[in-house]
Amino acid sequence: MLNFALFGAGRIGKMHAQNIQAFAQSNLKYVFDVYAPAAEAVAKATGAKVAESVEMALADPDVDAVLIATSTDTHVELIIKAAKAGKAILCEKPIDLDTATVNACLEQIKDCHVPIQIGFNRRYDPSHAAVVKAAQDGSIGKLEQIIITSRDPGMAPVEYLKSSGGIFRDMIIHDFDMARFVLGEEIVELQAFGSAMVDEKITEIGDVDSVMVIMKSQSGRLIHINGSRRAIYGYDQRVEAFGSEGMVISNNQTPTSVTRYTKDTTQVKDPLYNFFIDRYVDAYNLQLTSFIENVLAKKPVSPSFEDGRRAQMLADAAQKSLETGQKVTLSW
Ligand SMILES: NC(=O)c1ccc[n+]([C@@H]2O[C@H](COP(=O)([O-])OP(=O)(O)OC[C@H]3O[C@@H](n4cnc5c(N)ncnc54)[C@H](O)[C@@H]3O)[C@@H](O)[C@H]2O)c1
């Protein structure tokens, strides 16, 4: 049994709380949020206790693990505190808003030797995982190209976007991680383009809402990520791997497989899932299950802190490319 403390009871923290309680090998002992009503609501729904502070939860020797689902700019501070308290850590992506802070965090926790898993949940999506398997087991021959489409259903509130670190660090970081996961090797060249096409107000906070990133891997494979903060037809999440002997695509999913036929249309499907909590329900459960099982079995957790750091470096490189208009070269 793994006893958890949950830090952050917002959009994603609420979901993690339910998942921890639903799994037989885990228990949510504490929840803490700087906004007390959020913590109280999760405590009421799950039977967990509201912790008075982060320190109080970390001081309890019965707490084995923490799940960090607070705003991004607080992750590093909480990782350091939890690691120094000897707790296993599952932290939401991204680790921070810039790589320098992530590197400083690594330095501070290097002697702690606690398991740290980063919340790149899409690695656990069964369809995306099938693409990764096909790309790496030779069933589509020699992998040559990857195309990732990543479009949110609608713009998040400007208040959230202001502190999000920008579209590459907040949103496309999932796709940088997916590209590394499918490739099984590092990306060495990158050029990013971006525009404000959905809402020009995004430029007032120094960000863009529509991006295309072209990348090249160590062995010369080509990767294209296209992203938008708005897709009028729902949450658009596709991963395609193309090789010398074929292609494999993880397509969009709908709540049912029903197709409808009328006098005006044929083969009309349900709308796409609206957003991440619905589309990736299996992935969130599987990433948590994997964390719990690996921590209990004292096996390595995945994706690791280093995976989080490397995706962060790609996000920083994309931001730099966008700002300078230049191609960025990465060395690992
Ligand atoms: N993996 C995914 O698919 C996914 C999806 C959404 C969000 N996220 C990540 O999860 C994190 C939270 O996002 P969200 O959408 O739930 O945000 P949110 O704003 O809904 O929730 C964040 C919560 O953290 C609380 N908080 C802030 N600082 C705190 C602190 N120091 N201690 C305790 N609580 C604190 C806030 O009061 C809030 O309730 C972000 O890092 C985000 O990037 C990941």
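Domain bounds here come from an automatic or database domain assignment. The model is predicted.

**Two domains**

The chain is divided into domain 1, residues 2-114, and domain 2, residues 123-279 + 305-329. The centres of the two domains, taken over C-alpha atoms, are 27 Å apart. Their contact draws 16 residues from domain 1 and 17 residues from domain 2.

**Where the ligand lies**

The ligand lies between domain 1 and domain 2, because both give residues to the shell around it. The space that the ligand takes is the largest pocket.

**The shell**

There are 23 residues around the ligand. Arg11, Asp33, Thr72, Glu92 and Tyr284 come nearest. By class, the shell holds nine nonpolar, 10 polar and four charged residues.

Which side chains place a polar atom 2.6 Å from an oxygen atom of the ligand? Asp33 does, and so does Tyr284. Both residues are also among those that come nearest to the ligand. His75 has a polar side-chain atom 3.1 Å from a ligand oxygen atom. A pair of N or O atoms counts as a polar contact within 3.5 Å.

| Residue | Distance from a polar side-chain atom to a ligand oxygen atom |
|---|---|
| Asp33 | 2.6 Å |
| Tyr284 | 2.6 Å |
| His75 | 3.1 Å |

How much of the ligand does the protein cover? On its own, the ligand has 850 Å² of accessible area, and the protein covers 84% of that.

**In brief**

The ligand takes the space of the largest pocket. Domain 1 and domain 2 both contribute to its shell. Asp33, His75 and Tyr284 each place a polar side-chain atom by a ligand oxygen atom.

Definitions and conventions
Residues numbered from 1 in each chain as written. Predicted model: local features only at pLDDT ≥ 70, side-chain atom pairs only at ≥ 80, totals over all residues. Heavy atoms only, no water. Near = heavy atom within 4 Å. Polar contact = N/O pair within 3.5 Å; in protein donor to acceptor, adjacent residues only side chain to side chain. Areas by Shrake-Rupley, 256 points an atom, 1.4 Å probe, with all protein chains shown as cover. 1 Å grid on protein atoms, 1.4 Å probe; cavity = no way out; pocket = protein on both sides within 12 Å on 5 of 7 lines; lining within 4 Å. Sits in = over half its atoms within 2 Å of the grid points. Nonpolar A, V, L, I, M, F, W, Y, C, P; charged D, E, K, R; others polar. Contact = heavy atoms within 4.5 Å.
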